[in-house]
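Q: Could you pick one part of this model and take me through it closely? I'd like to hear how it sits among its neighbours.

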Amino acid sequence: VTGVQTCALPISYNIYIGAMTHTRTIPVPTTNNGGRAAVTRGFQTPMQPGHSFNVKFNNNWITNGSRVGLEFRDANGMVRLRFSFVGGETTYRVVDSQGDRSTSIAYRETGLDLTLALGTNNAYALSTGNGSVAGDLNAGESIAWMEFFNDNAGPDTPYDIYIVTGK
């Protein structure tokens, strides 16, 4: 994608999705009872073709079949793109206009530096420093916010996810 413009959140956030409270973080309880813990953040302006957004994403252990990740949504709450990891698998997954599919992006214990770049006609490219995936977003309006989630990853700190946005 050429002519990239960086999209920004209203302020820089360090987001910890887990059971502990840390300085400059937003805690969300770990879920190990079939529930979902989530943190949402809106963009100052909706993403447009040529825009990009960067976030650091690190997941620890995940119970087999459980999922952690992030979703890019429009103002109506429609999921335009989901990037996630499912416990027991070896690669990350995306949900886009092609459905729920595995990527070639292998799990990394050190986390990923994700960059989402939007092209024209709903095209996107998601790079991680460990691989990339491209496709078309699900139908909907411009991406206005994102949701980081933990769907029953497991109990306690070893199953938390960590998100850092902004510079």
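A: Two strands are said to pair if DSSP finds at least two bridges between them. Keep that in mind, because pairing is where we start. One caution: this is a predicted model.

First, the setting. The protein has 14 strands and zero helices, and 47% of its 167 residues count as buried. Among contacts with a separation of 6 or more, 64% are between residues 24 or more positions apart.

On one side, strand 11 runs antiparallel to strand 12 (residues 132–136), joined to it by five bridges. One of the residues involved is Tyr-124, whose bridge partner in strand 12 is Gly-135. The two strands make a hairpin with four residues between them, and Gly-129 there has a positive phi near 80°.

Strand 11 also pairs with strand 10, again in the antiparallel sense, over four bridges. Here Ser-127 of strand 11 is the bridge partner of Thr-115. This pair is a hairpin too, with four residues between the strands, and Asn-121 in the turn takes a positive phi of about 55°.

Now look at the two faces of the strand. In a regular strand, side chains alternate between the two faces of the sheet. In strand 11, Tyr-124 and Leu-126 make up the covered face, while Ala-123, Ala-125 and Ser-127 lie on the uncovered one.

Leu-126, for its part, is in contact with Phe-83. Other contacts of Phe-83 include Phe-57, Ile-105, Leu-112 and Leu-114.

Asp-96 is found in strand 8 (residues 91–96). Is Asp-96 buried or exposed? It counts as buried because its relative accessible area is 2%, and the cut-off is under 20%. The side chain of Asp-96 makes a polar contact of 2.6 Å with that of Arg-101.

Terms used: Residues numbered from 1 in each chain as written. Predicted model: local features only at pLDDT ≥ 70, side-chain atom pairs only at ≥ 80, totals over all residues. Heavy atoms only, no water. Buried < 20%, exposed > 50% of the residue type's maximum accessible area, 1.4 Å probe, protein only. Polar contact = N/O pair within 3.5 Å; in protein donor to acceptor, adjacent residues only side chain to side chain. Contact = heavy atoms within 4.5 Å. Lists of a residue's contacts leave out its neighbours within four places in sequence.
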